[in-house]
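I opened my notebook to look up a few places in this structure.

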Amino acid sequence: MLDLLSSGIATELLERTASMPRVQQAVELSLAPAFLLVGIGSIMNVMMARLIWLAGRIERLAEPSDGTCNIAHHEELEWLRIRRRFARLAIKFSTGAAVVISIVIAVLFVSAYVDARIGTLVAVLWVATIGLLITGLIYFLRETLLAADGPRAKKQ
């Protein structure tokens, strides 16, 4: 371990990480993605609340209360299951966006200490994040539109 610390590589790494301007630069670069991550988390909180409500409603309707299963319950169960599928897809894509933007933050922070050119990588990851987020929001929109239409509306 001491040999590693006394080597030139370890000394250079310690010098790079001890530089306050580099740390400040890394923090500044990662602020915008961090705010996006907070926004994604807030959106996912709303999505999860809807999914939890849907799951609870499906469980309550699926339980045989008096042994009868009327057509209205069956229609509502089908409608709720479709909504649940859309909500789950919205959460999956939004989670993917959160993971990718977290990678962007890590890459931006590491880039302050490494001389590698990573601009293209960051741009690709940023576009991937926005693509995943847009897809998640589209599924969330579909779920909310389906919820607004009600269980007896024509299924898509």
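**Entry 1: an aromatic pair**

I started with phenylalanine 93, which is partly exposed, because its relative accessible area is 26%. The model I am reading is a predicted one.

Next I looked up tyrosine 139. Its relative accessible area is 21%, so tyrosine 139 is partly exposed. The cut-off for buried is under 20%.

How many aromatic pairs does the structure hold? I found two. Phenylalanine 93 and tyrosine 139 form one that is stacked. Their centres are 5.8 Å apart, and the planes make an angle of 15°. I noted that planes under 30 degrees apart count as stacked. The pair links distant parts of the chain. Phenylalanine 93 sits in helix α5, while tyrosine 139 sits in helix α6, residues 119-149. They are 46 residues apart.

I also wrote down a cluster. Phe86, Phe93 and Tyr139 form one aromatic cluster.

**Entry 2: alanine 90**

I stayed in helix α5 and went to alanine 90. Is alanine 90 buried or exposed? With a relative accessible area of 0%, alanine 90 is buried.

Then I checked what alanine 90 touches. Leaving out residues up to four places away in sequence, I listed Met47, Gly136, Tyr139 and Phe140. Tyrosine 139 turned up again here. The C-alpha atoms of alanine 90 and tyrosine 139 are separated by 5.0 Å. Along the chain, these two are 49 residues apart.

**Entry 3: arginine 83**

My next stop was arginine 83, also in helix α5, which covers residues 71-111. Its relative accessibility is 5%, so arginine 83 counts as buried.

Which residues does arginine 83 touch, not counting those up to four places away in sequence? I noted Arg50, Trp53, Leu54, Glu143, Leu146 and Ala147.

**Entry 4: two helices**

Last, I looked at how helix α4, residues 31-62, meets α5. Two packed helices are described by the angle between their axes and the distance between the axes. I looked up both values. The axes of α4 and α5 come within 8 Å and cross at roughly 160°. That angle makes α4 roughly antiparallel to α5. The cut-off I used is over 145 degrees.

Then I sorted the contact of α4 with α5 by residue class. It has 25 nonpolar, four polar and seven charged residues.

Definitions and conventions:
Residues are numbered from 1 along each chain as its sequence is written. This is a predicted model: local features need pLDDT of at least 70, side-chain atom pairs count only at pLDDT 80 or more; totals for chains, interfaces and linings use all residues. Side-chain values use heavy atoms; hydrogens and water are left out. Helices (H or I, at least four residues) and strands (E, at least two) are DSSP runs, numbered from the N terminus. Buried means under 20% relative accessible area, exposed over 50%, partly exposed in between (1.4 Å probe, protein chains only). Contact means heavy atoms within 4.5 Å. Axes are lines fitted to C-alpha atoms, for helices over the stretch in contact, and angles run from 0 to 180 degrees between N-to-C directions. Angles under 35 degrees count as roughly parallel, over 145 as roughly antiparallel, 65 to 115 as roughly perpendicular and the rest as oblique. Ala, Val, Leu, Ile, Met, Phe, Trp, Tyr, Cys and Pro count as nonpolar, Asp, Glu, Lys and Arg as charged, and the others, Gly among them, as polar. Rings of Phe, Tyr and Trp (its six-membered ring) pair if their centres lie within 6.5 Å; planes under 30 degrees apart count as stacked, over 60 as edge-to-face and the rest as tilted.
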